[in-house]
Amino acid sequence: MKLASLKHRRDGKLILVSRDLTQAVDASDIALTLQDALDEWETLSPLLQARYEALNDNRAAGRFPFIPADCDSPLPRAFQWADGSAYVNHVELVRKARGAEMPESFWTNPLMYQGVSDKFIGPRDDIELCDEAWGCDFEAEVAVITDDVPMATPAGEAAGHIKLLMLVNDVSLRNLIPGELAKGFGFFQSKPASSFSPVAVTPDELGDAWQGAKVHLPLKVTLNANLFGAPDAGVDMTFDFAQLVAHAAKSRHLGAGTIVGSGTVSNLDRSKGSCCIAEKRMLEILDHGSPNTGFLRYGDKVSIEMHDKEDRSIFGRIEQKVVPYPR
């Protein structure tokens, strides 16, 4: 299934979206919001699936054109947003950029932080920035949404709790990070609201690209209409999504609607490009002694999208412009 949330009050209005992302149908009579659907997933997902099949067979009444700009993030707000850092070679590069050594344990125990989840940025909404000097960066990622995950669920069982997948732009303020981390208490001001793809999909929509709790497809990022990178999300992923979910659930229950992110997608094959500016800057330092690429400025436009093997968009496109915050 492919699900989205039309902008409506705080939590959106649930719709089903056709596989080719051209048509949609109201699903709010089954579940008013995506969170409602996740709360009762075992009962409601068969009803949603039946309507989704009717939509794709042109049998669903009340079909209308799907317009991503009318959508909020699939979950406009979530009870929990936990972002991992599964591509450890990326972590190593970014830490080098701020002069920090990487402990060996990072290869066996994933990093994870708890981000802003009370209001996400819509997939076609502007990124509002108070100050360009803060070093605004995009981070293109994949994320999963779970049902209820009991505390201490092992990785071998965690994959069964993954119900949906999305794309992410995890906005970072790079020049605020060093000062915050120096306090020894983690990210806060340096990690503002993130945005997610227009559509969330069930794992079966990915076909054989969903293997080993990883998405084995390139994640394409453009900056001002120029290709910035297209690394494969299934390559060089040190920790798969089952391991990330299990890590998040080690000492706490995860409520239905918990979002767990992969961290910035990154390949050791540097010809694939990067999914964030910080990584590209570090590679420029290693190659030339200094960075050439600046962080985002007002007016810059970022897009993030993933296509299947037939070059069809799976999640729709995140497409955003950086603008001054109107205080």
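**Close-up views of a predicted model**

**View 1. Strand S10 and its pairing partners.** Strands S10 and S19 run antiparallel and are joined by three bridges. The structure shown is a predicted model. Within the pairing with S19, Ala143 has Gly261 as its bridge partner. S10 also pairs with S11, again in the antiparallel sense, over seven bridges. In that pairing, Val144 is opposite Leu165 of S11.

**View 2. The two faces of strand S10.** Seven of the seven residues of S10 are buried. One side carries Ala140, Val142, Val144 and Thr146, and the other carries Glu141, Ala143 and Ile145; both faces are covered.

View 3. Helix H6 spans residues 241-248, and because six of its eight residues are buried, the rest of the structure largely encloses it. The buried residues are Phe241, Ala242, Leu244, Val245, Ala246 and Ala248. Their cover includes strands S7 (112-114), S10 (140-146), S11 (162-169), S15 (210-211) and S19 (259-261), together with helix H4 (155-158). At the start of H6, the backbone nitrogen of Ala242 has a side-chain oxygen of Asp240 within 3.0 Å.

**View 4. Gly299 in its loop.** Gly299 sits in the loop that connects helix H7 (277-288) and strand S20 (301-306). Leaving aside residues up to four places away in sequence, Gly299 touches Asn224, Lys321 and Val322. Pro324 is 25 residues from Gly299 along the chain, and the C-alpha atoms of the two are separated by 8.9 Å.

Definitions and conventions: Residues are numbered from 1 along each chain as its sequence is written. This is a predicted model: local features need pLDDT of at least 70, side-chain atom pairs count only at pLDDT 80 or more; totals for chains, interfaces and linings use all residues. Side-chain values use heavy atoms; hydrogens and water are left out. Buried means under 20% relative accessible area, exposed over 50%, partly exposed in between (1.4 Å probe, protein chains only). Helices (H or I, at least four residues) and strands (E, at least two) are DSSP runs, numbered from the N terminus. Contact means heavy atoms within 4.5 Å. A polar contact is a pair of N or O atoms within 3.5 Å; within protein, one must be able to donate a hydrogen and the other to accept it, and residues adjacent in sequence count only if both atoms are side-chain atoms. Two strands pair if DSSP finds at least two bridges between them.
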